[in-house]
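Have the viewer open as you read.

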Amino acid sequence: MARIPQCMSTQHPDNVNLPFFAESPELGGEDEVQEAYYAYSHLGCTEQMWDCEGKEVDNFVVRKLLTRYDTFFREKRLGRDVFLTLRVPNPEVETAEAKILLETLESIPRSFDTACLFYGNECPPIFEVILPMTASHVAIDNIYRYYTDIVVGKQERSLGEGGMTIADWIGKFRPDRINVIPLFEEMDHMLDAHNVVRRYLEGKDITDQRVFLARSDPAMNYGLISAVLLNKIALQNLSEVSEETETRIYPIIGVGSAPFRGGLSPETVDQVTAEYPSVHTFTVQSAFKYDHPLEEVQSAVRRLEERKPGRPRPIDAEAALDLIGRYSRAYERRLGPLAPLINRVARYVPERRKRKLHIGLFGYARSTGGITLPRAIKFTAALYSVGLPPEILGLDALDDADIGFIRETYVNFDEDLRAAARYLNTETGFVPRELADRVADLVDVEPDAEHAEITSEIASALRENETGRLSSLVLSAAHRRKFLG
C-alpha cells in the first residue's frame with residue numbers, strides 16, 4: 001500500500017479571498033488544475049480531491065498536470081508521492097449524473113497510460129475514488145466490481161472473426177483494481193458505517209481501507225453537537241471493526257473552517273486533531289488555503305502530514321444518541337422559522353466555484369418538513385451574516401447534565417462555542433433572547449465589534465430592502481471571520 005496522505009486538499013468553496021492564480025471570482029476547470037499543483041508544490045498537501053461532478057468535469061487532469069508541471073512531477077511522482085483522488089457521482093442518488101461515473105472510471109486506465117509514457121514505467125496515478133452519500137455495502141461494491149469486471153474485464157473480450165482481444169487491439173487496462181472510499185453523510189448511515197464497511201470487506205483481499213465521514217452536512221441537518229457526537233460514535237465503531245477484521249481502516253473527516261463545519265483552520269490544527277485523534281486524514285478546504293498567510297498554511301499542513309494518529313476518544317454511544325435525539329429536535333424547531341431569512345441572505349453569498357459540488361442530503365432530510373435550504377457553506381454564511389452563528393441553535397434544549405456530558409465527550413466544545421459567539425450580534429433582531437442567554441451562561445462572550453457593526457448594517461439593509469449593498473456587506477463580514485461559511 002502506498003503512503004496514505006494525512007492532509008487532503010478539496011474544492012469546497014468556503015474561501016473569502018481568491019487565490020492569486022484565479023482567472024475570475026469563480027474558480028473553473030483550468031484554475032482547479034493549477035490549484036491541485038499549488039496544493040502539492042506550495043502548500044505541501046500530499047492529496048487533492050478531484051470532483052467529477054457538475055458541469056465542467058475534466059477527465060484529462062492527469063495529462064494536464066504532467067505536461068504543464070513536468071519538472072515538479074518528475075521529482076514528486078503522482079500516485080506515489082502525491083495523490084489525486086476522484087469523487088464520483090453516486091448513481092443511486094444523482095441519477096442525472098449517473099453516467100459521469102462510468103466516464104470517470106473509464107478515464108482511469110487512460111490516465112495510467114499517460115503516466116506510463118511520462119515516467120517510463122508503470123505506477124497508477126489514480127487508484128482511488130470516493131463515493132458520496134454511501135448507504136450500503138452494495139453501493140460500494142457496485143463501483144469496485146464495475147471497474148474490475150467491466151472496465152478492466154472487457155480487455156479479454158474478442159473482436160470479430162480474427163480472435164483479437166480488446167487488449168491486443170488497444171493495449172492493457174491498468175490498474176487491475178481500484179480502492180473505493182465510502183463517504184457517509186446521513187445520520188443512519190454514519191451510525192451503520194462500520195457494518196457497511198464490514199460487509200464490503202467480506203471476501204476481498206483488502207488489507208487497507210479508507211472511510212470518509214462527513215462533518216459539515218450532518219451539522220446542517222442535525223446541529224453542531226449531533227455532528228460531533230455522530231462522528232465520534234462512527235470512529236469508535238470503525239476502530240472496533242478494524243480490530244475484528246484485521247484490516248487497517250484509515251478514517252477521513254471532512255472539515256471546514258467555521259466551528260459549525262469542523263473548525264479546522266491553520267490556527268486550530270492542534271485542537272481539531274486532538275478532538276478526533278483516530279482520524280488519519282483531514283480535509284483542507286478553500287478558506288484554510290486562501291484566507292490565511294502562506295507561511296501559516298504551510299506550517300499547519302506540515303503538522304497535519306506529520307502527526308501520528310491514535311485511538312479514538314471513547315464515547316458512551318447510548319447516552320450520546322439520547323442527547324442527539326433531543327438536541328436535533330430542538331435544532332430543527334429553530335430552523336423552520338429561520339428558513340426564509342437564510343434563503344434570502346444566501347442569495348448574496350458569492351459563488352466561488354463554477355461548478356456545483358454534489359447535491360448533499362439536506363433535501364432528503366427535510367422533505368417531510370417542507371423546508372428547503374441552501375448547501376452547508378451558504379447556509380452557514382447566511383446565519384453568520386445576520387449575527388446568528390448556527391453553532392448556538394438548539395443549545396436552549398440542553399440541561400446542565402447534558403452540557404456536562406458534552407464537555408467530557410466533545411473536548412473543544414467551550415472553545416468552539418466561544419469562537420462562534422464572537423460573531424453573535426443580539427442587536428440585529430434575529431437572535432432569540434433565550435439562545436443568547438444560554439450562550440452567555442456557558443461561555444464568556446467577547447464580541448467582535450467590527451463584525452457586529454457589519455451584521456447590524458446587513459440587518460438594516462434587509463429591513464429596508466436595500467439589497468444593492470448586501471453582497472459587499474456579506475463579503476466584508478466574512479473577511480473578518482476568515483471564512484465564508
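How many cavities of 30 Å³ or more does the structure hold? The count is nine. Keep in mind that this is a predicted model.

Start with the largest cavity. Its volume is about 50 Å³.

Now turn to the strands. Eight of them close into a barrel, in the order S1-S2-S3-S4-S7-S8-S9-S10. The pairing is parallel. On average, neighbouring strands in this sheet are turned by 30° against each other, with direction ignored.

Strand S1 spans residues 7–9, and strand S10 spans residues 281–284. The two run in the parallel sense and share three bridges.

Next come the aromatic rings. The model has 16 aromatic pairs, with ring centres within 6.5 Å as the criterion. One of them joins Tyr 37 and Phe 72. Its geometry is edge-to-face, at 5.5 Å centre to centre and 85° between the planes. Why does this pair tie together separate parts of the chain? Tyr 37 belongs to helix H1 (residues 29–43) and Phe 72 to helix H3 (residues 70–75), so the contact bridges parts 35 residues apart in sequence. Is Phe 72 buried or exposed? Phe 72 has a relative accessible area of 17%, and buried means under 20%, so Phe 72 counts as buried.

A second pair to inspect is Tyr 144 with Tyr 200. This one is also edge-to-face, with 6.1 Å between centres and 85° between the planes. Here, too, distant parts of the chain are linked. Tyr 144 sits in helix H5 (residues 137–152), while Tyr 200 sits in helix H8 (residues 193–201). The two are 56 residues apart. Both Tyr 144 and Tyr 200 are buried.

Finally, go back to Tyr 37 and Phe 72. Which rings join them in a cluster? Ring pairs connect Tyr 37 and Phe 72 with Tyr 40, Tyr 69 and Phe 73.

Note on methods. Residues numbered from 1 in each chain as written. Predicted model: local features only at pLDDT ≥ 70, side-chain atom pairs only at ≥ 80, totals over all residues. Heavy atoms only, no water. 1 Å grid on protein atoms, 1.4 Å probe; cavity = no way out; pocket = protein on both sides within 12 Å on 5 of 7 lines; lining within 4 Å. Points joined across faces, edges and corners; volume = space filled by probe spheres on them. Pairing = 2+ DSSP bridges. Helix = DSSP H or I, 4+ residues; strand = E, 2+ residues; numbered from the N terminus. Axes fitted to C-alpha atoms, helices over the stretch in contact; angles between N-to-C directions. Phe/Tyr/Trp six-rings, centres within 6.5 Å; stacked < 30°, edge-to-face > 60°. Buried < 20%, exposed > 50% of the residue type's maximum accessible area, 1.4 Å probe, protein only.
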